[in-house]
Amino acid sequence: MRILKYLFILSTIFASSISSAGTLVVNSNQSGESSEAGFNAYVAAFEAAHPDIDVQVNLTEHEAYKTAIRNFLVAEAPDVAIWFAGNRMKFFVDQGLFMDVSDVWADADLNNIMSSSKASLSVEGKQYGVPWGYYQWGVYYRKDIFDNLGLNVPKDWAEFKWVCAMLKKNGITPITIGTKYLWTAAGWFDYLNLRINGYAFHMGLTAGKISYEDSRLDAVFDAWRELIEPGYFLEDHATYSWQEAQAPQINGEAAMYLIGNFYVPTLESAGVVDKMDFFQFPPIKPGVGMYEDAPTDTMHIPSGAKNVVDAKKFLAFMSDPSAATNWAKMGGMLSPNSLADAPTDRFQQMGFAMLNAADGLAQFYDRDANPDMAKAGMEGFQEFMVKPDREAKVRARMEKERRRIYGE
Amino acid sequence: MTFWQRNQLRIAPFYFLAPGLMLFLIYVIYPIIDSIWVSFHEWNGMSKDLLKADGTPKNWKWVGFGNYIDLFQDEDFYVAFFNNVRWLILSLLVIPLGLALALFLNQDFKGMRYIKSLFYFPFVINLVVVGLIFAWFYNPKYGLLGQAFSGLGLKPIPILSDELYATYGIIFASFWPSIAYTMIIYITGLTGINREMIEAGRIDGASGFKMLWHIILPQLKPATLIAVVVTIVGALRSFDLIAIMTAGGPWGSTKVLAYKMYEEALFNFRMGYGAAVATILFLLMDIYIAYFLYNLFKNERGAK
């Protein structure tokens with residue numbers, strides 16, 4: 001009898017936890033101290049505003065999340081999943097795994113307050129997610145080294161090459177980079193291509209509509225070669241991860257690093273942030289607009305979500321300026337909410353100003369292109385950066401992969 | 001007599017085999033067949049039931065030998081294949097090296113146990129840690145090897161980012177734990193050696209290498225067998241060290257078949273293509289295992 005009683009109690013507890021309409025399951029990739037704190041702050045603010053809803057967060061490490069999502073979206077969909085804008089989102093939209101949330105955009109006035117991110121969250125005119133943060137890419141440089149050598153921030157390509165030459169002459173590695181995990185090389189390709197061929201061409205290329213052997217790309221590889229052949233990039237960069245490539249700059253042996261704003265916390269903990277500054281990737285070809293890489297992180301409602309009503313409230317809560325501000329700030333991101341407070345950190349301020357003035361925003365090579373194309377492309381970029389004489393072969397291989405993936 | 005009583009002796013073995021057979025069917029045979037089946041399709045790992053507007057499955061498409069044709073035209077596949085061959089051949093060095101260490105450690109004096117346990121150490125460490133340690137060791141700027149080169153006034157070789165050396169660098173790292181493993185196998189084998197035979201050999205005037213070759217080694221044959229199998233299977237599925245030390249790079253030059261399979265299936269969303277790589281790897285292993293079993297049975301029959 002006693003056992004039966006316990007069983008009864010247990011079963012009622014179990015049943016109540018399932019039937020309670022107020023539980024919202026959120027799968028998060030916000031691992032790492034500051035990211036986690038930022039997201040928790042958003043959840044806490046949401047729960048305070050909606051005391052009847054209990055948010056249950058399942059945290060997965062950032063990299064592992066990328067493979068886990070394909071399983072959980074199909075097998076055990078949460079009510080909200082954090083993900084990325086652009087092609088990465090479109091993949092799941094095409095699979096019918098993300099819900100159309102255009103109504104959230106309309107009801108919460110996101111169409112106005114997040115207009116700058118709208119395009120990257122739209123597929124055929126409908127919105128499939130809500131952005132929560134984005135960040136800038138650009139050149140982080142050692143201001144103390146520049147000052148010592150009397151160098152100014154380069155305003156165009158000729159000046160940029162001259163700065164590199166001067167640094168090299170003084171025994172400083174002009175540009176640090178670690179290409180072991182490939183994507184850092186794609187940052188260079190993105191910027192060279194955006195500055196030389198512009199946004200439409202770049203997006204066409206990453207969408208698989210333009211050949212990698214197209215003659216317009218010759219100039220991109222030529223410009224890249226102008227930095228590779230004189231040895232302006234860190235030696236043996238294919239050995240290092242992006243984190244390992246920080247060391248030369250922190251030690252004062254390298255001057256510049258083309259990277260995203262997620263670099264700043266390392267600079268702070270290494271105690272060199274006061275010696276650092278930031279500049280926008282210089283223009284190369286006159287008449288081409290200033291387009292930037294600004295990867296956007298997002299929230300989506302999986303099609304299998306059980307608590308859609310509350311999930312939409314959770315997404316719509318991004319329209320709350322203070323909640324949006326806090327999450328972005330603590331997570332080291334810029335808020336896509338135009339009502340959010342302007343950032344106080346100086347790197348974020350520079351990024352904010354730069355991105356607001358940008359002529360267009362790309363996500364990043366491996367977020368704009370298909371995963372298998374991105375992999376083949378980035379391996380090619382890495383090989384080219386080490387063996388520039390193999391340009392023709394490398395581009396032929398990328399083109400072969402593009403044809404296989406996109407047909408034609 | 002009932003049917004059961006008449007045939008009890010003949011049926012009983014199957015009852016005992018049934019649980020094991022069931023597990024074998026579910027966890028070994030079924031996945032193999034399923035992988036081969038998947039390898040004839042184009043599949044991105046998402047739901048197979050999802051339909052396109054025209055009623056055909058969206059994510060799942062029969063392509064026959066398409067994946068294999070692609071595979072044989074894929075430069076990466078040959079890179080991976082020949083890297084596997086390098087792993088296979090070089091890994092065999094581990095066996096004599098392990099034997100040498102085992103013979104060296106097979107001496108009796110005070111404290112030998114502690115010394116032995118030090119030699120077991122690399123086998124106990126997780127391969128991920130081994131990979132990290134060696135990656136640091138090879139680091140041309142801050143690593144020990146780089147320092148040694150600079151100390152000699154030479155320019156450090158960036159082992160892991162040089163397409164010529166990277167695979168050898170990883171294989172060398174794999175030696176560290178695998179030598180310890182073959183050594184353990186041989187030390188166990190050495191404890192089972194017949195002392196009388198050694199003495200008989202000594203009376204007949206055998207010593208040194210002769211003793212080793214004619215008396216010790218034949219008795220270590222079972223140990224050698226296990227060492228060879230373990231080493232070869234280990235070489236064919238080498239994966240963890242590659243993932244940690246180079247992630248398949250520089251530009252894919254250290255990939256092996258197992259790594260390529262993982263990358264195609266889990267990163268590039270090409271399950272069918274990944275399954276085709278797996279099938280090829282499976283066939284390679286099969287050829288080897290069949291050859292190995294054939295020899296084994298032949299020898300056993302000879303011994304009887």
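Biologist: Why does Ala247(B) count as partly exposed?

Modeller: Ala247(B) has 17 C-beta neighbours inside 10 Å. A residue is buried if 20 or more other C-beta atoms lie within 10 Å of its own, exposed if 12 or fewer, and partly exposed in between, with C-beta atoms placed from the backbone. So Ala247(B), with its 17, counts as partly exposed.

By the way, this is a predicted model: local features need pLDDT of at least 70, side-chain atom pairs count only at pLDDT 80 or more, and totals for chains, interfaces and linings use all residues. Residues are numbered from 1 along each chain as its sequence is written, while chains are lettered from A and ligands numbered from 1 in the order in which they are written.

Biologist: And what makes Trp251(B) buried?

Modeller: Trp251(B) has 28 C-beta neighbours inside 10 Å, so it counts as buried. Trp251(B) lies in the loop between α12 and α13 of chain B, and Ala247(B) lies in that loop too, between α12 (240-245) and α13 (257-267). Helices here are DSSP runs (H or I, at least four residues), and strands are too (E, at least two), numbered from the N terminus.

Biologist: What is the phi of each of these residues?

Modeller: Ala247(B) has a positive phi of about 55°, though it isn't a glycine. Trp251(B) isn't a glycine either, and its phi is positive at about 35°.

Biologist: Why are α8(B) and α11(B) called roughly antiparallel?

Modeller: Helix α8 (residues 166-191) and helix α11 (residues 221-236) of chain B pack at an angle of about 160°, with their axes 9 Å apart. Axes are lines fitted to C-alpha atoms, for helices over the stretch in contact, and angles run from 0 to 180 degrees between N-to-C directions. Angles under 35 degrees count as roughly parallel, over 145 as roughly antiparallel, 65 to 115 as roughly perpendicular and the rest as oblique. Therefore α8(B) and α11(B) are roughly antiparallel to each other.

Biologist: How do you know that chain A agrees with a compact globule?

Modeller: For 408 residues, a compact globule would have a radius of gyration near 22 Å, and chain A has 23 Å, which agrees. That radius is taken over C-alpha atoms, and the globule rule is 2.2 Å times the number of residues to the power 0.38. The C-alpha trace of chain A spans about 85 × 50 × 45 Å along its principal axes, and 49% of its 408 residues count as buried.

Biologist: How many helices and strands does chain A have?

Modeller: Chain A has 18 helices and 13 strands.
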